Amino acid sequence: MTSTTNDTTAGPGRPSRTAVVTGASSGIGEATARRLAAEGFHVFCAARRTDRVQALADEIGGTAVTCDVTDAASVAGLAEAVGPRLDVLVNNAGGAFGSSPVAEADADEWRRMFDVNVVGLMQVTRALLPALLAADDGAGIICNVGSTAGRIAYEGGAGYTAAKHGTQVVTETLRLELWDQPVRVCEVAPGMVRTDEFALVRFDGDAEKAAKVYAGVAEPLVADDVADAIAWMVTRPRHVNVDELVIRPRAQAAQHKVHRVTSSD
Ligand SMILES: NC(=O)c1ccc[n+]([C@@H]2O[C@H](COP(=O)([O-])OP(=O)(O)OC[C@H]3O[C@@H](n4cnc5c(N)ncnc54)[C@H](OP(=O)(O)O)[C@@H]3O)[C@@H](O)[C@H]2O)c1
């Protein structure tokens, strides 16, 4: 783990509120880090690609932390970089790998999905919980980035949907376990979001397959839409817990019911 900061010292000009965003090197995480910085947070931008989180931290006046959420030692380094107090944790690192039916599933892909979407989220939460409990005025908050894939099933999606159902259940469990503690636990569950890398990663760099996910959808959600929702959730008064927020593009009435405009329409 390495971390570099643009402003580590307390004093005039130092924002009083801090946030950690995992998976801040692209997509929803990057947009969320930018948005929280604009809201006045000092943001710790965490992901594996150092060059990307460093460029982002330089731009928004935050702190870059190279961190693999699936690696306990790396996560311990993140907690060390953050220090004794933290206001907001956005557990966003995650993703889908592959789309095989169960009968042809690749066990390694399933393990990787469970590792990043569930175990990684748990490790980061466990490491940063003491700092969140020490947040000013008992206003600490955890926002987990789940998915509508954590609410339903779809063919070819079992590895990812199982992992994102895991994200949802861990969120619910944590809220129960921390019911008497000064910290909130919530989940945003986006539907279709057109980000640069999510579908590319899922289909192992196959741009044609990735493009089909969004084909004909004039206005899918973009990363800024989800960042906007997260920023709203984490800036509510400290007695307000938005348990879960499902957000989809207008064109997606349900997972299987997507309005696509094709050339034959
Ligand atoms: N796009 C969608 O349609 C959609 C819909 C619902 C939910 N989501 C969820 O939203 C989150 C962000 O997705 P996105 O669309 O923004 O995809 P993305 O651009 O592929 O972002 C994934 C992020 O996670 C990071 N990451 C992956 N493995 C990691 C690890 N082991 N340790 C630390 N960071 C790791 C990646 O950074 P590095 O590679 O640099 O580590 C990257 O910054 C994910 O949890 C995803 O499941 C996405």
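Predicted model: local features only at pLDDT ≥ 70, side-chain atom pairs only at ≥ 80, totals over all residues.

## Helix 1 meets helix 8

Helix 1 covers residues 27-38 and helix 8 covers residues 223-234; the two pack at an angle of about 50°, and their axes are 8 Å apart. That angle makes helix 1 oblique to helix 8, and the crossing is a right-handed one.

Who does the touching? On the helix 1 side it's Gly27, Ile28, Glu30, Ala31, Thr32, Arg35 and Leu36. Helix 8 answers with Ala223, Asp224, Val226, Ala227, Asp228, Ile230 and Ala231. Sort the residues of this contact by class and you get eight nonpolar, two polar and four charged.

## Around the ligand

Helix 1 turns up again at the ligand. In all, 30 residues surround the ligand, and the closest are Gly23, Gly27, Arg48, Gly94 and Phe198. Helix 1 gives the most, with three residues.

## Helix 4 alongside helix 5

From helix 4, the contact takes in Glu109, Trp110, Met113, Phe114, Asn117, Val118, Leu121, Met122 and Thr125. From helix 5 come Gly159, Tyr160, Ala163, Lys164, Gly166, Thr167, Val170 and Leu174. By class, that's ten nonpolar, five polar and two charged residues.

## Helix 4 alongside helix 3

Now for another partner of helix 4. Helix 3 spans residues 72-82, and its axis comes within 9 Å of the axis of helix 4, with the two crossing at roughly 25°. Helix 3 and helix 4 are therefore roughly parallel to each other. Here too the crossing is right-handed.

Helix 3 brings Ala72, Val75, Ala76, Leu78, Ala79 and Val82 to the contact, while helix 4 brings Gln123, Val124, Ala127, Leu128 and Ala131. What classes do these residues fall into? Ten are nonpolar, one is polar and none is charged.

## The whole chain

Time to zoom out. The protein chain has eight helices and twelve strands. Along its principal axes, the C-alpha trace spans about 60 × 35 × 35 Å.

How does the radius of gyration fit a compact globule? For 265 residues, a compact globule would come out near 18 Å, and the protein chain has 18 Å, which agrees.

How values were computed: Residues numbered from 1 in each chain as written. Axes fitted to C-alpha atoms, helices over the stretch in contact; angles between N-to-C directions. Helix = DSSP H or I, 4+ residues; strand = E, 2+ residues; numbered from the N terminus. Parallel < 35°, antiparallel > 145°, perpendicular 65-115°, else oblique. Left-handed = near helix turned anticlockwise from the far one by under 90°. Contact = placed C-beta atoms within 7 Å. Nonpolar A, V, L, I, M, F, W, Y, C, P; charged D, E, K, R; others polar. Near = placed C-beta within 6 Å. Rg over C-alpha atoms; globule rule 2.2 N^0.38 Å.
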